[in-house]
Amino acid sequence: MSEPLPALSTPATASADPGRSRDGSRALPPYRGIVAVDAKDFTGYPAVEHGTISRIIPQLLQESFRRAGLGEVWDNRRFPNSTGDGYVFGFDPAAMPFVIHPWTHTLQQVLTEFNVHSTGAVRIRLRVSLHIGPLPDSGDAYGGNGTPRNDTHRLLDSRPVKAILASSSENVTQVAAILSDRCYQDVVAGGYTGRHRDYFIEVPATVEGKQFEQRAWLYVPVPSGSLYDRRILGEHVIEDQEAPSRQDDDGQRSNGPSPGSVTVHRADRGIVNTGSVDGGQHLNNFDMQGDYVGGSKAGTVHGGQGDTVHGDKNGGGR
């Protein structure tokens, strides 16, 4: 029988950092779920209102977490920080399925109630960014800094989530969320959250003036307006959809949707995508009051991402 191997000793040069091994490797910091929110049109309010909005946002978040049955997530938040027009904190990633649903839907309800009773003085509509990744959690003011947190803020500022909230009705849609691909794959595609993957729309997340581009996923708890916008779905999706025809495997031309395309239905309980976005996307918009619009909507949000949609809506109506 061979003798047991002697215990490895830690080099003196690494004694000050127990996470460093003799070859310079370090242990990963703990994985954290990250949630960041940002208020739409914050700078559009007079400066005298900014302090009030900054104080109200954490209060609304606290109420929404408690109402969703996730009070512990709020009470145990890590490296919390107010960003003036928003808020960010880390949490145990095991809670991410519940943060995606029901929390985002509950936040939508809380904001709806607030905006109804605010008599129009201040309306708060929030973009939400969700991500998962390793972050140092030292418990002091410097904790939580790292690439996953940076990416969370980049996603929050990305074109798709800004555009979808801007093109939605301010009387209906109060929350638009964007998930990192890691968050989507681990939680949504993995089947852990209470929302089917067809509620989520794949988008290219880019930030104006920044070298940032990632695959991400939009989720709008209560959608309204048109989702068919170049800044939401990306140029390649629009171009594929606007193509007049496609060639079948047998060489025949067809005006029908291409394989892998998706039909999007807008309803009062959310977005239902049948299939996955791959190539063109065909949009059917069913108005709940009885009007029906079939075909593509090629409208685009112009200007400073306000709440008015300009341009043509080309579709076959009947």
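I took buried to mean under 20% relative accessible area, exposed over 50%, and partly exposed in between (1.4 Å probe, protein chains only).

**Basis.** I worked from a predicted model, in which local features need pLDDT of at least 70, side-chain atom pairs count only at pLDDT 80 or more, and totals for chains, interfaces and linings use all residues. Residues are numbered from 1 along each chain as its sequence is written, and side-chain values use heavy atoms, with hydrogens and water left out.

**Asp38.** I looked up Asp38 and found it buried, with a relative accessible area of 8%. Asp38 lies in strand β1 (residues 31-39); strands (E, at least two residues) and helices (H or I, at least four) are DSSP runs numbered from the N terminus. Leaving aside residues up to four places away in sequence, I noted that Asp38 touches Asp85, Gly86, Arg125, Leu126, Arg127, Leu156 and Asp157, where contact means heavy atoms within 4.5 Å. The side chains of Asp38 and Arg127 make a polar contact (2.7 Å); the term denotes a pair of N or O atoms within 3.5 Å, and within protein one must be able to donate a hydrogen and the other to accept it, while residues adjacent in sequence count only if both atoms are side-chain atoms.

**Whole chain.** I recorded eight helices and 15 strands. Of the 318 residues in the chain, 43% are buried. Among contacts with a separation of 6 or more, I found that 64% join residues 24 or more positions apart.
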